[in-house]
Amino acid sequence: MVLIIAEKPSLGRNIAEGVKHLEGITMQSRKGYMIGGNYIITWAFGHLFSLADIEHYNPAPDGQKYWSMANIPCFPENFDFEVKDTADQGIRDQIKLISDLCNRDDVDTVVNAGDADREGEIIIRICLSKVLKKTKTMKRLWLPDQTPETVAAALSDMKDSQDYDLLASEGYARTYIDWLYGVNLTRYASLKSGTLLRVGRVIVPIVKAIYDRDLAIENFVPDIYYAMVSKEKTNGEEIELVSKKKFEKNKLKAAEAECKIYNETGAFVKGIKKKKDKIAPGKLYSLSKLQNVLGKKYKMSMKESLDIIQKLYEEGYLTYPRTNSEYLATAEKDKIKKIIENISKMGYPVAFKDSKTIFDDSKIESHSALTPTYKIPSKDKLSEKEFQVYSTVFRRFVAVFCSEECLADKTEMTIAVGELEEFVLKGLVITQKGWTKYDDGGKNDKTLPPLKKGDLVEINFKPTEKQTSPPKHYTIETLNNYLKNPFREEKANKSEEDDDRDEYLAMFEGLELGTEATRTGIIDNARKSKYIELKKDVYTILPDGRYLIESLKMMNISMDKFKTAELGKALKKVYRGEFTVKESVELAKKEIEEAFEIKDMPPETDTETGFFGDVVGKCPLCGGVVKKYSRSYACSSYKENGCKFGVYLVICGRVISIKNARALIETGKTSKIKNFISKRTGKSFDACLKLEDGKAVFDFST
């Protein structure tokens, strides 16, 4: 018999429908599994096992349960998995059932039917490593969607489990590395700060990106300048011309003089180019590109949209959601033809197109773009939000395969002000809507005035005061785009083809921050941790997020996009067989060890602040004990006698080390400390600190 282990019950039920489609067998339900013909189908509940905690490898010397430095950093020689929740009787019962079914004498083949990604690959493998006691033939069921037809086809063409060993290795490496970062640095940073700080390989760069952007907005000082602008009507239509020349705010007279020269020179139409063109639709959706659209149009958070997309996938209406590609595999052409045939019966003008802009194996890592399946739901079967998501995917598919072309007249008009400057105006008029009737391609009509070459153009340039704009807050779309390629070069003249190539190159190299499968959950965790906030579709940093990033900076824990990308590249090397799991783990280990290194630095450059609760010295005001707290070195007798003595951990952008704090308390003065930052000028300066009336003040006397 063949035992199929699905990742979750809903997938198990869909596989049963696939068995029925393939062999006409109706599976009989049992407690925790189904059976029929030569098949047994059971399931996990997602992760049944998780990596053991630090105490499993490094028990605290005195058996204590609370966190301490006594057993970190922890770098296991071999990673062990334990039952995820031993208190959950349902999990324990299901594990026992899977064990019993795996080891039945009449079961000769065991099939891994985890989700079709690296996480799904190892969920079932980990379970089997714990329960399988007999040698069996191992197979893999890989499902791009969960329709009965697709499941039936996949059952007829199952690959050997070992064909997916490299994917599993990448999955294990990612799990081990994220555990090493999470448990070691979360404990270390929390013990240093006295506050729970969730430190992770991907969550910190995401929060830092939002922190950096918000800080740039707060610190932005607009630059006032004058632009030369003309908004005059020619033949009754206004033509706006904005010169490339800019004048500083104290150069108004020069701007006025230049405007006068322009106006006296006059303007004329130097040339007109007109051509009829075909406008191409947008590409099919990857998960993040779909989430961008849903966030912008319907204000859906990434978590909400993914939950709905996942539900539509499990119901067989959409293909596998966690895809990073906007292209289809060439092997899927027959399947796509069937979907087109079904959509055509509904009255949509669709036809199969064999195009490289649609089918391109070189742009697919594991999964093709999100599309509808041949199973098309009626509107009354979906909730309002489910319909919004489904129709967005459906309409994009119709647009891509629309048999009616979108035609437009493109006009490019060059207006010259003598030999001084040329202005190029572009217009687009849609003459045949084609696919735009079904999907908003973002093409806005803009008509130009009916002028011909040599016509004079009325101008009246005036100095117009303008100011530079601050950066914009991250939105769902812009944050997603940044995370997909945090090293993207923003070039004004970069072609769409170049941008597409750079994005897929970053994806294959592992330069993304997170993946399509993990990014949504990590951002949601950052929201739950109150590090970031999402209002409508705009992300902003919260006080706890500021504290996280500033605390890590104070501790010299660097979790920037560069280090995260290096580890992402290492994971891709594991997937390609160029790196072993152990080699990738060693890379992470080296990075983590650096964070734990406490360097002995001279007082002028020292930034080591010690740990929460460390004794600093005797309070100069009340004689109590000064300790290190989350944001300051302060008197611990505050509650007893109201003593308010304290020295901030950061003064004028400079971390005050515990050694300097001790010197200040013991002698009343520190030696010179380097690199304070002036709040007024932004320039660095060196100074001593001294106590004056129980407060730390600057001393420039030495």
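The protein chain exposes about 34500 Å², an accessible area from the Shrake-Rupley method with a 1.4 Å probe. Carbon and sulfur atoms supply 49% of that area. The model is predicted: local features need pLDDT of at least 70, side-chain atom pairs count only at pLDDT 80 or more, and totals for chains, interfaces and linings use all residues. Residues are numbered from 1 along each chain as its sequence is written, and side-chain values use heavy atoms, with hydrogens and water left out.

Of the 702 residues in the protein chain, 49% are buried (under 20% relative accessible area, 1.4 Å probe, protein chains only). Along its principal axes the C-alpha trace spans about 90 × 90 × 45 Å. The chain holds 20 helices and 27 strands; these are DSSP runs, with helices (H or I) of at least four residues and strands (E) of at least two, numbered from the N terminus. Among contacts (heavy atoms within 4.5 Å) between residues at least 6 apart in sequence, 71% join residues at least 24 apart.

An open sheet of 7 strands runs in the order β2-β3-β4-β1-β7-β8-β9, with mixed pairing; two strands pair if DSSP finds at least two bridges between them. Strands β2 (28-30) and β9 (159-160) stand at the edges with a single partner strand each, so one side of each has no neighbour in the sheet. Helix α1 (residues 9-23) packs on this sheet and touches β1 (2-6), β3, β4 (39-43) and β7 (109-113). The direction of α1 makes about 165° with that of β4.

The strands β19 and β20 form a hairpin with 6 residues between them, and G623 in the turn has a positive phi of about 80°.

Helices α3 (residues 89-102) and α4 (residues 118-131) pack at an angle of about 70°, their axes 10 Å apart. Axes are lines fitted to C-alpha atoms, for helices over the stretch in contact, and angles run from 0 to 180 degrees between N-to-C directions. The angle makes α3 roughly perpendicular to α4 (65 to 115 degrees). From α3, the contact uses I95, I98, S99 and C102, and from α4 it uses C127, L128 and V131. These residues divide into 6 nonpolar, 1 polar and no charged; Ala, Val, Leu, Ile, Met, Phe, Trp, Tyr, Cys and Pro count as nonpolar, Asp, Glu, Lys and Arg as charged, and the others, Gly among them, as polar.

Definitions and conventions:
Angles under 35 degrees count as roughly parallel, over 145 as roughly antiparallel, 65 to 115 as roughly perpendicular and the rest as oblique. Buried means under 20% relative accessible area, exposed over 50%, partly exposed in between (1.4 Å probe, protein chains only).
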